[in-house]
Amino acid sequence: MLLTVKEKGSHCLKNINLGQKFFECLNCSCIVHEKCFKISHAEIINSHFYCFSCKGSISKRYNPFKTLISDHQDESNDDPLIMKVSQTLQSCESFSTNELNKHLSDSLKSYGGMLFLNIDGNKSNFDHFATELSRLEVKFPVIGLAETNIEPDESSV
């Protein structure tokens, strides 16, 4: 972004000079000098910059595929499966426990259902999974767990 008028960094209130690196909050457009980034408690979330005031209202999304997709308009070289998975991850929603209970209850009544989870460390994560599952009012008729962190000597498990 090329600045044509003198602006000030919102954290330090010092002028931003031409050629000086800075971040602009995607939400409120405030500007933070690159050197002020750490002390401003700003954050990069979902590949975008957010100032301290705005970052609390942004849902963090896990999307390891986003870096594999072109930023340019010509997406013809992008893998369609990676694009679909990335779009799915970007559109995920966060729910409170109450909202999730309502959503699951309505969905299971209409469609039936099951829960499948790659537990990613059964030994270390099963107790947490069981606790989270007990917070849900919905009882799943089928629960499937996958474990991908298996040592070669445990491959028969």
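Trainee: What pLDDT must side-chain atom pairs reach to count?
Mentor: Residues are numbered from 1 along each chain as its sequence is written, and side-chain values use heavy atoms, leaving out hydrogens and water. The model is predicted, local features need pLDDT of at least 70, totals for chains, interfaces and linings use all residues, and side-chain atom pairs count only at pLDDT 80 or more.

Trainee: How many disulfides are there, and which cysteine sulfur is nearest to that of Cys 28?
Mentor: The rule gives zero disulfides. Cys 28 is in none, with the nearest cysteine sulfur 3.7 Å away. That sulfur is in Cys 51.

Trainee: Is Cys 30 buried or exposed?
Mentor: Buried means under 20% relative accessible area, exposed over 50%, and partly exposed in between, with a 1.4 Å probe and protein chains only. Cys 28, at 39%, is partly exposed. Cys 30 has a relative accessible area of 17%, so it is buried.

Trainee: How is the pair of Phe 126 and Phe 129 classed?
Mentor: Rings of Phe, Tyr and Trp (its six-membered ring) pair if their centres lie within 6.5 Å; planes under 30 degrees apart are stacked, over 60 edge-to-face, the rest tilted. The whole structure has two aromatic pairs. In one of them, Phe 126 and Phe 129 have ring centres 6.1 Å apart and planes at 55°, so the pair is tilted.

Trainee: Which helix holds both Phe 126 and Phe 129?
Mentor: Helices (H or I, at least four residues) and strands (E, at least two) are DSSP runs, numbered from the N terminus. Phe 126 is partly exposed at 37%, whereas Phe 129 is buried at 12%. They sit three residues apart, about one turn, in helix α5.

Trainee: What is the volume of the largest pocket?
Mentor: On a 1 Å grid over the protein atoms alone, a pocket is an open set of points where a 1.4 Å probe fits, with protein on both sides within 12 Å along at least five of seven lines; lining residues have an atom within 4 Å of a point. Points are joined across faces, edges and corners, and volume is the space filled by probe spheres set on them. For the largest pocket, that comes to about 640 Å³.

Trainee: Which elements each supply at least two residues of its lining?
Mentor: The lining of the largest pocket has 19 residues, with Leu 115, Phe 116, Leu 117, Phe 129 and Glu 132 nearest the centre. The elements that each supply at least two are α4 (97-111), β7 (115-118) and α5 (122-134).

Trainee: Which strand holds His 33?
Mentor: His 33 is buried, at 5% relative accessibility. Contact means heavy atoms within 4.5 Å. Beyond four places in sequence, the contacts of His 33 include Gly 9, Cys 12 and Phe 22. Its strand, residues 31-33, is β4.

Trainee: How far apart are the C-alpha atoms of Ser 53 and Ala 42?
Mentor: Ser 53 is in helix α2 (residues 52-55). At 68% relative accessibility it is exposed. Ala 42 is eleven residues away along the chain, and the C-alpha separation is 8.2 Å.

Terms used
Disulfide = S-S within 2.5 Å.
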